[in-house]
Amino acid sequence: MFSIDIIVKNTPVSLSVQRKLAEDAEAVYQQVLEAVRNSQPQILELTCEKNPEKKVAVLSSEISGVVVSQKSGASSTGRSPGFVSMSAAAE
């Protein structure tokens, strides 16, 4: 299963949809990139293959990033891949 996580400006939580095949995940990734590159803001609507009733709609001008990653059932930690939260220790 592949997860496509969309990072939205000023929002701490990413939006995500899943695809079963790498080719399908790549197609969604390219669809998101094309929407972001378009000079006219548009609503991008996506559905999820893992949960067909899950739908996501986002305004393309509000997207700040997109991440594609492969999910395995054993290593799911609940965090978005590639993003780390760090805090400074008080002395």
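**Labels and their grounds**

Guide: Start with Asn10, which lies in the loop between β1 (2-8) and β2 (15-19). Helices (H or I, at least four residues) and strands (E, at least two) are DSSP runs, numbered from the N terminus. The model is predicted: local features need pLDDT of at least 70, side-chain atom pairs count only at pLDDT 80 or more, and totals for chains, interfaces and linings use all residues. Residues are numbered from 1 along each chain as its sequence is written, and side-chain values use heavy atoms, with hydrogens and water left out.

Visitor: Why is Asn10 called exposed?

Guide: Its relative accessible area is 83%. Exposed means over 50%, buried under 20%, partly exposed in between (1.4 Å probe, protein chains only). Therefore Asn10 counts as exposed.

Visitor: What makes β1 and β2 a pair?

Guide: Pairing takes at least two bridges found by DSSP. Five bridges join β1 to β2, so the two strands pair. They run antiparallel. Ser3 stands opposite Gln18 in β2.

Visitor: How do you know that β3 and β4 pair?

Guide: Five bridges join strand β3 (residues 43-47) to β4. That meets the cut-off, so they pair. These strands also run antiparallel. Ile43 stands opposite Leu59 in β4.

Visitor: Which strands form the open sheet, and in what order?

Guide: Three strands form it, in the order β2-β1-β5, with antiparallel pairing. β2 and β5 (63-70) stand at the edges because each has a single partner strand, so one side of each is left without a neighbour in the sheet. Neighbouring strands of this sheet are turned by 20° against each other on average, direction ignored.

Visitor: What does helix α1 touch in the sheet?

Guide: Helix α1 (residues 22-37) packs on the sheet and touches β1, β2 and β5. Contact means heavy atoms within 4.5 Å. The direction of α1 makes about 175° with that of β5. Axes are lines fitted to C-alpha atoms, for helices over the stretch in contact, and angles run from 0 to 180 degrees between N-to-C directions.

Visitor: Which residues does Ser64 touch?

Guide: Ser64, in strand β5, touches Ile7, Val8 and Lys9, not counting residues up to four places away in sequence. The C-alpha atoms of Ser64 and Val8 are separated by 5.5 Å, though these residues are 56 apart along the chain.
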